[in-house]
Amino acid sequence: MKKILFLMVAALAIMGCSKDEDVKDEAYELVAFFNTYNSKDSIHCYAVGGDYLYKQERGSNKVVWKKPVTVPEAIIKDLGYGEKEVIRYEYSFVTLDTDKYIYTCWLARESSYPATYYCNIGLYSVTGEFIKNKKIFSVASMPKLIELKDGDVIMVARGIDSYIYAVIDENVNIIKQGENIPYLDDIKFINSSQCITYDDNSIIFFNLNTQKKTEVNVAEYIDNKYPNEEHKPRYVIKDIEVGLRYSVAHIVVTLYSGEAENIEMKLNNETGEILK
C-alpha cells in the first residue's frame, strides 16, 4: 500500500496552573497530513496514514487515537491464456463521519486510459474499530460521500461518461444507483431522493427516483430583476439554504456602478419555480 506522506514528531505538553503545583510532562504524538477530513463535531479531523486510521484535534494535530486499518483484498484480473493481473488498493482517505460510523475510501487503478479506479468503501466504528470493506463500483475521480436525512449514505463520483451515484445503507449494501446526477462541490440534499446544487449560471434540482433534472436560469432572473441597467449586472451565488418546502439562494449582485447588493432567490423544491 502506498504510504501517504506524513510527518510525525514527539512533543511534550507542559501541564500545570500555579507555581505551587508540580509540573507534569505528558508525551503525546503530533501528526501532520496533506489529506484530512474534518469531522462533523468541528473540533476533530480524520486521516489515513501508513497502516493506521487517525483521529486528531483540528488545528493542533494532536493525535486522539490511532487504530489499524484493514486494506481491501487485491483484485485478481484474469487476462486469459493462464495469465492474471494483481491490482492492489494503493490510495486511501477518510470521506465521511456520522454519529455511528467513519467511512474510508480505497482506490485501485483499473485502467490507464481513460483512467478509472476500483472503489472500495471501508466502514469503521466512531472509535476506529474496523467493521468491513465493500467494493462499490469503478470511478474516474475521487468520490464524495454525503449522509442523507434517513441515515443512508450516497456516494457520488465521476464515471466514464457522466457522474454516477450509489445509495448505501449502514451495512454498505447498495440499495439504489444511477447516473447523470449533477455533481458539484456544493450539492445538498433536500430529502433522501432530491438534491439541489448550482454552477455559475444555474440552480439545479435532481430527483434520484425519477431521474428528473430541473435547471433554473439565474442569469435570466438577474437580468429581469434589474431591467434598467445598461450593463448586465455581475453576480455570484454564495450559498443555498435548504428547507423542507422551498430553498433560498443567497446571491451577491454587483452593478456596473460598483454598488453591491445581497439578494435572496426563493425556489419551490418540487417544481423549481421562483417564488415571489
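**Entry 1: Lys67 and Glu129.** I looked up Lys67 and found a salt bridge to Glu129, with 2.8 Å between the closest N and O atoms. For a salt bridge I required a side-chain nitrogen of Lys or Arg within 4 Å of a carboxyl oxygen of Asp or Glu. This pair links distant parts of the chain, 62 residues apart: Lys67 is in strand β6 (residues 63–68), and Glu129 is in the loop between β11 (116–125) and β12 (130–139). Strands are DSSP runs of E, at least two residues, numbered from the N terminus.

**Entry 2: basis of the values.** The model is predicted; local features need pLDDT of at least 70, side-chain atom pairs count only at pLDDT 80 or more, and totals for chains, interfaces and linings use all residues. Residues are numbered from 1 along each chain as its sequence is written, and side-chain values use heavy atoms, with hydrogens and water left out.

**Entry 3: accessibility of the first pair.** I took buried as under 20% relative accessible area, exposed as over 50%, and partly exposed as in between (1.4 Å probe, protein chains only). Lys67 is buried at 19%, whereas Glu129 is partly exposed at 42%.

**Entry 4: Lys213 and Glu215.** I noted a salt bridge between Lys213 and Glu215, the closest N and O atoms lying 3.9 Å apart. Lys213 is partly exposed at 44%, and Glu215 is partly exposed at 47%.

**Entry 5: Asp223 and Lys232.** Here the closest N and O atoms of the salt bridge are 2.9 Å apart. Asp223 is partly exposed at 27%; Lys232 is exposed at 62%. I also recorded one network, in which salt bridges that share partners join Lys40, Asp99 and Glu147.

**Entry 6: count.** I found eight salt bridges in the structure.

Terms used:
Helix = DSSP H or I, 4+ residues; strand = E, 2+ residues; numbered from the N terminus.
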